[in-house]
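Here is a friendly tour for someone meeting this structure for the first time. Have a look at the picture, then read on.

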Amino acid sequence: MTKSKWYGFLVMTLASLLVLSGVAMAQTTLTIWAVDGLELDDPHAYYVQSMVRNFTADNPDITLDWVAFGTEGAALNNRVRVALAANQGPDIFQSWGGTFMGEFARMGKLLDLTDDLADVATSEAAKSAMSYDGKVYGIAPFFAIAGLYVNEEVFEKLELEVPTTMAELEAVCEVLVANDIQPFAVGARDEWPILATYMYLVNRYGGNIFEDAVAREVRFDADPFVQAGLKIQEWSGRGFFGPTPMSEGYGDAQLLMQTGQAALQLSGSWLCGLYADANQTDQTIGFYSVPILEGGVGSATDLMGMTDVGFVATSTAASKKDAVVRFLTYAMSVEAAEKEAGRVASIPGVDPPNRLTGMASDVFTQAETIQFWWDQNLPPALTNPINLTIQSFLMQDTDVKAELGRYEILVEDELGRVQ
Amino acid sequence: MAVPQTIARKKKRDWYGLGFITLFLLPALVILGAFMFYPIKETFRLSFMRSSGFGEEIYVGWLNYQRIFASPEFRQGFINVFTWAFWSVVIQIPLAFFIAFTCVNFRTRLIGRLRGVYYLSNVLPSAITAMLGVFIFSPTSGVIKTFAKSVGWQWLERIDFLGDPNIAFWSLFSLATWAYIGFGIIYLMANIEQIPSQIREAALIDGATQLQYAWRIVIPYVSYALRVQAILATVGSIKLFDLPYMVTLGGPRNATVTLGITLYREAFLNWQYGRGAAIGVIIFLICLAITVLQFAFVNNADTTSEVF
């Protein structure tokens, strides 16, 4: 080979390498719609912020176009629904799974990632929440369970034990009322916060009867549903939810707990970060299993909960599947999840960031069954009405049986009559 | 031969006029057609469908309307908006007139400053007004609660302004009265100021009291403006959504629910676009009927007054 041919060969090789490296470094942009923004220094968004920062640094060929819709999920959900109906929208969106996600999956709007995410380690509950009809459509790095937040300082001062049965719980509430401390902080003005209490009561009276009701084997005004509603009404009448439960929002409820004006709250583990933060509260708050009902059906290991932070890929991202899988896999990594300030991780090997989250994680790991939030797991036409129905139980003049009967009629419209 | 030439000239002028009219009206017509008439027509069509916003739409005839009228929530919303409209006309308009009359006829330094205060509520976005409402009525840290605690008024402390179904509507209405009255005051002030000062002077020289002057001269003079206010208040009440939704979400137990809230719940929370559209059609028809009736009444009244 002559010298000029060698030069020619060298030039061609270099040119090919340049072209190849150009191809390899071709930018892929993933549009992601989420609730938390990346700009503010918000402890609630630490996971998302550090995850995006680190992923972008490690994957220079992928650009993330992150669009935040605010912490109220409704704005994001509404935008996603309109966009996907028009075959537009993001490549990935934040989702809590359930029927909302399932409806999109049913309409073929989501990307099937069953095989691609098969090796990603997660809990069965989290995997199930992001699946529909046996196919996996996304990930849930954090899983929320509802449990009993207890103000341990107040309990210690009044020499109270954390209740393990409903009878003990009622006795504790009586003592708290007598000492001018609101037993339960709820925030029922926002409709949904009382749902977890009702779900647990239904479970404690009738086990997993909710699934039977959805399968149309029992009616929604069957005994356990009515008994649970009457119990909420009774507790409300006895002042266990404070004097003004219907006009307290969820923010008010948190404030009552943070300031020690209320001693108990039955809510999701997403509050662990807030209640464990010394800058947010000077109270010592613990997280416990919801008491059982003596003679009831449900057990302490029957939990209510669902995805806390989750992401789902849309079918418009089919051509970018590799980038989507890389992002979702990183979002499920220990490295990414351990930046979280308070949520319960569904990824094995992630240490809880504080004592309260650790307590919630312990409750989570003991779970034998997990029932998803009803207002996320019923057909959309039934989700808002169930919250309104349950909210009405807090009022003394509500006919619980009649309200549930009206709800049953709506259910019959959507799911059919009980067989 | 002269006649055909005239016709030809006329035709030429007509074409020019038509082109001129078209040039100016077409853009507005296209925009109105695309963003108003077509959506209205689509809303009517959708109201006869079962639709979740996805996939196929199924024709269900009048079923959506039947379900809506059978719904206690819709019926309560219907009652609430008409109650709201009634009290808006009975309370808000007289109050706006009274304040406007005072501001125009008693020009002191204090009243001059109050004008700005009265109008302030009208320039605030609804979200801010709603936040203020929650801040005032909140049972944990609200202004009323804090005040009641500080003066030891337990009876006031016990009132659940937003959580008691018998009180929540009126708490919200009082907030709305403050929020919406500003426009009425400014509008009526502008009309009252049009009354020639000689008329007022003549009335006062003849011995009329301020009340007589207001009743016998000012009210007849601004009657058209009052009727316009009544139409705006009524139609605004029928369409009411933002303030009740942001303060109470329509609760407790639908005590503050409005037709707008039922529409939002059906379409955007329950994914029942067909039913949402049907509620939209009902709101549209009610507003249309009220506007036509009230304008017909106004025109008749004007014709009658011209006769006399």
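## Where the two chains meet

Let's start at the contact between the chains: 22 residues of chain B meet 21 residues of chain A. Being in contact here means that two residues have their C-beta atoms, placed from the backbone, within 7 Å. On the chain B side, helix H13 (residues 259–269) of chain B gives the largest share, three residues. That chain B side splits into nine nonpolar, nine polar and four charged residues. For the record, Ala, Val, Leu, Ile, Met, Phe, Trp, Tyr, Cys and Pro are counted as nonpolar, Asp, Glu, Lys and Arg as charged, and the others, Gly among them, as polar.

A word on ground rules: this is a predicted model, where local features need pLDDT of at least 70, side-chain atom pairs count only at pLDDT 80 or more, and totals for chains, interfaces and linings use all residues. Residues are numbered from 1 along each chain as its sequence is written, while chains are lettered from A and ligands numbered from 1 in the order in which they are written.

## Chain A as a whole

Chain A holds 18 helices and 11 strands; these are DSSP runs numbered from the N terminus, helices being H or I with at least four residues and strands E with at least two. Its C-alpha atoms fill a box of roughly 100 × 50 × 35 Å along the principal axes. Of the 419 residues in chain A, 51% are buried. Buried means 20 or more other C-beta atoms within 10 Å of a residue's own, exposed means 12 or fewer, and partly exposed is in between, with C-beta atoms placed from the backbone.

## Two domains in chain A

Chain A is divided into domain 1 (29–143 + 306–358) and domain 2 (145–305 + 369–415), with bounds from an automatic or database domain assignment. The C-alpha centres of these two chain A domains are 28 Å apart. Where they touch, 20 residues of domain 1 of chain A are in contact with 21 residues of domain 2 of chain A. Helix H4 (98–106) of chain A gives the most to the domain 1 side, with four residues. That side is made up of 10 nonpolar, six polar and four charged residues.

## A helix and a strand in chain A

Which residues of H2(A) are buried? They are Tyr47(A), Val48(A), Met51(A), Val52(A) and Phe55(A). Seen down the axis of H2(A), they fall within an arc of 120°, so they line one face of the helix; the arc is that of the directions from the helix axis to the C-beta atoms. Among the elements they pack against are strand E1 (28–34) and helix H13 (321–331) of chain A.

Strand E9 (residues 285–288) of chain A has a covered face with Ile285(A) and Phe287(A), and an uncovered one with Gly286(A) and Tyr288(A). Opposite Phe287(A) stands Tyr149(A).

## Over to chain B

Chain B has domain 1 (2–46) and domain 2 (72–307), and the C-alpha centres of these chain B domains lie 39 Å apart.

In H5(B), the buried residues are Thr129(B), Ala130(B), Gly133(B), Val134(B) and Phe137(B). Viewed down the axis of H5(B), these sit within an arc of 140°, so they line one face of the helix. The face of H5(B) turned away from that buried side carries the exposed Ala127(B) and Phe135(B). The cover over the buried residues includes helix H4 (109–123) and helix H8 (165–192) of chain B.

Methods:
Pairing = 2+ DSSP bridges.
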